[in-house]
2 protein chains.
Amino acid sequence: MTLKPRRTKVEPPKFNGKRPTINDVARLARVSKKTVSRIINKSPFVKEKTREHVDAIIKELGYRPDPMAQGLASKRSFLVGLIYDQPNPQYVIDMQQGILDVIRGSGFELLVHPCRRQAPDFLQNVRAFVERQKLAGVVLPPSVSEDDALIKILQEFDCPYVRIASVPLDEPEHSIVTHDAEGAQEAAEHLAELGHTRIAHVSGPDTFRSAHERRAGFVKGLKAHKLKLERELDVKAAYTFQSGLEAGRKLMELADPPTAIFCGNDEMAAGVCQAVREAGREIGKHVSVVGFDDSPLASRLWPALTSVLLPIRLMGRMASTRLLGDSLIGEPPPEEALGEVHPKLVVRGSTGPHRI
Amino acid sequence: MTLKPRRTKVEPPKFNGKRPTINDVARLARVSKKTVSRIINKSPFVKEKTREHVDAIIKELGYRPDPMAQGLASKRSFLVGLIYDQPNPQYVIDMQQGILDVIRGSGFELLVHPCRRQAPDFLQNVRAFVERQKLAGVVLPPSVSEDDALIKILQEFDCPYVRIASVPLDEPEHSIVTHDAEGAQEAAEHLAELGHTRIAHVSGPDTFRSAHERRAGFVKGLKAHKLKLERELDVKAAYTFQSGLEAGRKLMELADPPTAIFCGNDEMAAGVCQAVREAGREIGKHVSVVGFDDSPLASRLWPALTSVLLPIRLMGRMASTRLLGDSLIGEPPPEEALGEVHPKLVVRGSTGPHRI
DNA sequence: GCTTTCCTTGACACCGGTGTCAGGACGCGC
DNA sequence: GCGCGTCCTGACACCGGTGTCAAGGAAAGC
């Protein structure tokens with residue numbers, strides 16, 4: 001309830017009781033409103049001296065352009081859209097936070113638009129959203145980033161976009177690549193090096209490209225150790241806890257159950273852990289489990305989950321930096337200017353050496 | 001990758017290659033644009049026949065008013081703000097989802113605005129946000145809902161708001177009450193009825209009213225069973241996993257540690273569970289643990305966490321229903337029209353009878 | 001010195017709606 | 001038939017910016 005006392009309210013000098021407009025600035029600066037407009041838009045065709053003079057008045061008045069008016073006139077808003085179909089709350093929050101890290105203070109705002117890609121009106125819905133809001137750009141995490149029809153619509157409306165994908169796309173300037181396969185490969189090798197040979201995989205749904213990538217990287221990692229993914233140890237699930245639980249039960253019921261399980265994400269890994277326990281076996285001892293995402297959940301489980309870390313917040317920063325580019329004030333930190341990230345395995349208690 | 005085939009694109013009849021405007025509608029309907037404006041704003045001063053005629057043209061053209069233009073002219077946008085300072089991702093996601101449940105399809109959109117209430121520029125920041133965007137309304141979950149200075153700013157800009165609070169406020173028409181104390185009381189009684197007498201509490205930070213309420217309700221529940229909260233069993237934490245872990249360790253180091261622990265939220269409960277395990281004791285057997293929120297985390301832990309359920313998504317629906325009221329199409333479901341919710345204890349494996 | 005060219009600025013229409021207010025149509029009482 | 005109130009509609013200015021284009025002034029070329 002008690003907070004530090006705040007600075008006394010800094011009342012910005014108001015004009016005639018209300019917000020100053022571009023007309024007020026123009027009048028006081030004795031220039032046309034068009035010149036003021038040029039200055040707030042950083043047009044290069046303004047004499048240095050004029051700019052300084054007007055900038056001073058702008059600061060004095062505390063003038064800030066009205067986004068609605070700008071939007072109406074220029075047919076482009078200052079809203080960034082985040083369109084997603086993601087079951088994982090932490091992913092969404094981190095992504096939002098990353099985008100906000102970048103746009104904060106730049107005059108842009110974040111509009112969130114969850115959707116269900118499977119819904120029959122998905123495209124109509126997104127089309128209406130994009131068309132009406134005249135978005136400054138949209139960030140597309142998986143799996144919407146993989147929807148070609150959606151991309152077409154965005155192009156049709158000249159709406160800039162950045163796709164976040166697990167593999168390089170044909171338009172690198174509009175994408176952030178996460179190389180999921182590398183992380184999965186690392187996970188497989190980690191388990192193989194612990195001596196496991198009967199290693200199972202619980203994969204995400206077909207509708208996610210990442211599910212394929214993670215599985216493929218995993219298989220590749222196994223192959224590097226002369227192992228392969230047995231058919232009965234290759235289970236499909238849905239990136240949800242419940243589906244992981246069911247997949248885990250199926251694996252535990254096998255005549256010769258696996259001693260290690262790599263899961264396509266942490267939610268499913270949590271479900272698998274529960275199934276392992278139900279079967280009376282101990283995580284990290286009888287059965288090693290690895291997740292993917294390194295969500296907070298991973299460290300809250302017991303034993304804590306070994307998982308593949310994806311720097312989602314950084315990805316959000318990268319995506320919005322790409323999107324807005326020069327519209328932003330100042331140079332972005334170098335790491336944000338990149339277009340790729342690499343997953344990293346975080347080893348915790350849920351994986352341990354194979355016991356005979 | 002494979003999705004059900006979608007309906008073929010329903011191309012809305014466009015006007016001259018671009019979106020139809022109010023002028024197009026007016027011209028085709030042979031009325032003034034003002035009359036069209038009246039119709040889209042559901043003004044009662046329009047003859048039934050005129051309305052039908054114009055509505056037909058609107059539908060035929062697929063006309064939708066431009067939110068920017070409406071915003072500029074009416075000085076009010078169609079954006080709903082969610083201003084929050086919440087460490088719990090699941091809370092935020094659920095709240096967002098609840099709001100979106102209601103506004104979807106009504107032309108409103110959701111703008112997210114996380115902030116740190118402790119930051120020196122907190123008020124300036126929110127003020128700028130509200131002033132510039134001319135929000136249709138804002139939803140204020142705890143703890144920002146408890147900030148009187150913030151409320152004043154919103155009133156100053158005539159920005160409608162709904163506060164979500166753990167106790168009734170002095171403006172019931174602008175608030176959703178969650179009665180946290182009831183849930184905490186229920187948790188205390190549950191533990192007492194299991195035979196526990198040395199019951200600890202790990203509370204949230206002072207900056208959250210809910211932390212007080214939950215503690216107070218808990219104490220009340222104890223009192224009903226002639227128990228009281230010992231000073232050494234009353235630990236303050238910060239609603240985070242890490243702080244819960246530290247609080248749990250402190251409790252486990254006591255000469256006479258508690259046999260049951262009620263935590264102000266699930267994150268802290270997860271930390272406490274970990275501390276209990278570190279101390280070599282078993283959850284639900286040697287030490288019972290109860291959380292608050294019933295977040296997904298609760299059911300993913302092992303044993304699953306007994307927790308107090310708060311219907312956050314419903315709260316989000318209620319809040320936005322209140323906010324937008326008549327601007328929404330159709331009647332809201334009765335449950336959403338209410339202004340109160342009541343927490344409910346969900347018993348799982350983390351609590352069990354006291355053993356001597 | 002005069003013309004040409006480039007740079008800088010402003011006038012004005014326009015973006016797509018809403019607010020104000022005046023005026024026409026209509027029904028009613030006398 | 002006239003006056004009056006009610007109901008409905010449209011003309012027009014306006015919201016606060018941006019796009020277009022032409023003009024003014026300075027610098028460069030002859």
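Colleague: Let's start with one side chain: is B:Y239 buried or exposed?

Modeller: B:Y239 has a relative accessible area of 6%, so B:Y239 is buried (buried means under 20% relative accessible area, exposed over 50%, partly exposed in between, with a 1.4 Å probe and protein chains only). Keep in mind that this is a predicted model, where local features need pLDDT of at least 70, side-chain atom pairs count only at pLDDT 80 or more, and totals for chains, interfaces and linings use all residues, while side-chain values use heavy atoms, without hydrogens and water. Residues are numbered from 1 along each chain as its sequence is written, with chains lettered from A and ligands numbered from 1 in the order in which they are written.

Colleague: Which residue forms an aromatic pair with B:Y239?

Modeller: A pair of aromatic rings is described by the distance of the centres and the angle of the planes. Rings of Phe, Tyr and Trp (its six-membered ring) pair if their centres lie within 6.5 Å; planes under 30 degrees apart are stacked, over 60 edge-to-face, the rest tilted. Here the partner is B:F208, in an edge-to-face pair at 5.1 Å centre to centre and 75 degrees between the planes. B:F208 lies in the loop between β6 and α9 of chain B and B:Y239 in the loop between β7 and α10, so the pair ties together parts 31 residues apart in sequence. (Helices, H or I of at least four residues, and strands, E of at least two, are DSSP runs numbered from the N terminus.) B:F208 is buried too, at 7%.

Colleague: What sits over the ring of A:F292?

Modeller: The charged end of A:R214, 3.8 Å from the ring centre. The cut-offs are NZ of Lys or CZ of Arg within 6 Å of the ring centre and within 35 degrees of the ring normal. In chain B, B:R214 lies over the face of B:F292, also at 3.8 Å. A:F292 also forms one aromatic cluster with A:F218 and A:F262.
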